[in-house]
Amino acid sequence: MINNEIIAKAYSSINYVVAVTLFCIGLYALIIKPNLIKKFMGLNIIETSVFLFIISSGLVEGGIAPIYTKTTPANPVFVNPIPQALILTAIVVAVSTTALALSLMIKLYDQCGTLNANKLKELR
Amino acid sequence: MKRILTFFILFLLWLLMVSAVLALPPIGSETTPVTTHVIPRYLEQGVEEAGAENIVTCVILNYRGYDTMGEVTVIFCALIAVLAVVGREDPKLHTSKVDLVGIKESVIVKSVVRFLAPFIMLFAVYIMLHGKESPGGGFQAGAILGASIIIYTMTFSYELALSKFFVKVRTLMEGAGPIAFFACGVVALFYNQNFLTYIIPGLDPVTQTAMRSLMIEIIEVGIGIGGGTVISSIFLAMEKVEK
């Protein structure tokens with residue numbers, strides 16, 4: 001079932017495979033860990049894997065950064081600017097959601113004294 | 001048991017997703033759908049049309065200006081939500097847990113931070129102003145600026161940081177990103193052009209490009225100042241405890 005062709009294909013798109021693996025690791029943390037902060041760290045790992053996936057799709061073989069300078073050659077090959085722009089904005093949104101979630105957790109810890117999801121379920 | 005079951009299901013999901021990504025075009029080829037539609041136009045005409053040598057800045061602030069404007073508003077809304085949940089800090093009432101416990105940083109850390117903090121802020125200003133023609137821009141500058149304020153607060157005391165970065169001044173600066181974006185975008189509306197196109201008809205092309213570059217620069221500065229103060233305000237509001 002697994003032959004040399006599939007291994008070569010996986011090696012050529014190793015970034016995608018790593019992104020998928022990171023996604024599964026983050027999902028595992030999100031499901032298994034009882035601590036809310038650890039759950040949110042899992043969600044952040046998932047976000048990072050999506051960033052890696054999208055930014056990898058913008059690579060062009062032999063491309064340079066999409067900036068016109070004095071040393072840019074005549075017919076330049078640039079990498080794709082759109083995934084970079086998308087991820088640049090997505091990172092900041094990730095920071096915003098993290099800040100909001102952490103502030104909610106601070107308030108929750110003040111009120112209930114625990115961040116364990118199983119204990120919080122029993123509290124009502 | 002639950003762990004083993006979850007692991008098994010996630011392994012099946014992993015196999016499914018790996019088989020899906022292996023069917024995608026390989027990384028680095030020029031013929032993937034991602035690189036074929038609008039990218040050639042952006043790369044060839046971006047400098048004239050959008051007014052920045054850095055094509056990523058062109059895409060962020062001009063071609064996809066609506067996206068970025070909404071996203072700057074998202075940061076601002078995150079700050080408002082955090083302040084609604086935990087509340088704004090008050091120098092008279094609040095201090096940080098580190099100050100209460102009384103952990104003393106070593107002399108080496110304090111000296112290095114005292115020496116480096118101004119240069120980190122200077123670097124943030126450099127990144128902010130050079131987003132047009134080199135890697136950088138408002139968001140990165142905001143992150144560096146916020147990080148410098150955070151490292152200052154962690155090393156010295158919370159009260160010292162509050163006496164340097166006043167609440168009232170930060171309140172005025174937090175909205176700088178959306179305000180700069182809206183102010184520059186709305187100029188074109190007065191000349192019957194579309195929102196966020198930065199077009200002023202009746203100017204010769206050179207002046208028009210210069211005008212557009214100036215507006216992009218203003219937006220970068222606004223995003224940088226706004227982002228930095230928002231990050232530091234979120235940090236300072238979450239760090240506080242009652243005295």
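**Close-up views of a predicted two-chain model**

**View 1. B:Asn192 sits in the loop between α10 and α11 of chain B.** Helices here are DSSP runs (H or I, at least four residues), numbered from the N terminus. This is a predicted model, in which local features need pLDDT of at least 70, side-chain atom pairs count only at pLDDT 80 or more, and totals for chains, interfaces and linings use all residues. Residues are numbered from 1 along each chain as its sequence is written, chains are lettered from A in the order in which they are written, and side-chain values use heavy atoms, with hydrogens and water left out. Although B:Asn192 is not a glycine, its phi is positive, at about 65°. B:Asn192 is exposed, with 76% relative accessible area (exposed is over 50%, buried under 20%, partly exposed in between; 1.4 Å probe, protein chains only).

**View 2. B:Leu196 also has its place in the loop between α10 and α11 of chain B.** Its phi is positive too, near 65°, in a residue other than glycine. At 4% relative accessibility, B:Leu196 counts as buried.

**View 3. Follow B:Asn62, found in helix α3 of chain B.** B:Asn62 counts as buried, because its relative accessibility is 14%. Leaving aside neighbours within four places in sequence, B:Asn62 is in contact (heavy atoms within 4.5 Å) with B:Glu49, B:Ala50, B:Thr57, B:Leu196, B:Tyr198 and B:Arg212.

**View 4. Here is the largest nonpolar core, with 39 residues.** Such a core is a set of buried Ala, Val, Leu, Ile, Met, Phe, Trp, Tyr and Cys residues joined through side-chain atoms within 4.5 Å. B:Ile60, B:Phe139 and B:Tyr198 are among those with the most contacts inside this core. Helix α4 (81-112) of chain A supplies at least two of its residues, as does each of several chain B helices, including α3 (55-63) and α11 (205-239). Apart from this core lies another, of seven residues, among them B:Val18 and B:Ile27.

**View 5. Chain A meets chain B through 46 residues of chain A and 49 of chain B.** The two chains bury about 4,300 Å² between them, 77% of it on carbon and sulfur atoms (accessible area, 1.4 Å probe, lost on being put together, summed over both parts). Four residue pairs across the interface are in polar contact, both residues at pLDDT 80 or more (N or O atoms within 3.5 Å; within protein, one must be able to donate a hydrogen and the other to accept it, and residues adjacent in sequence count only if both atoms are side-chain atoms). On the side of chain A that touches chain B, α4(A) gives the most, with 18 residues.
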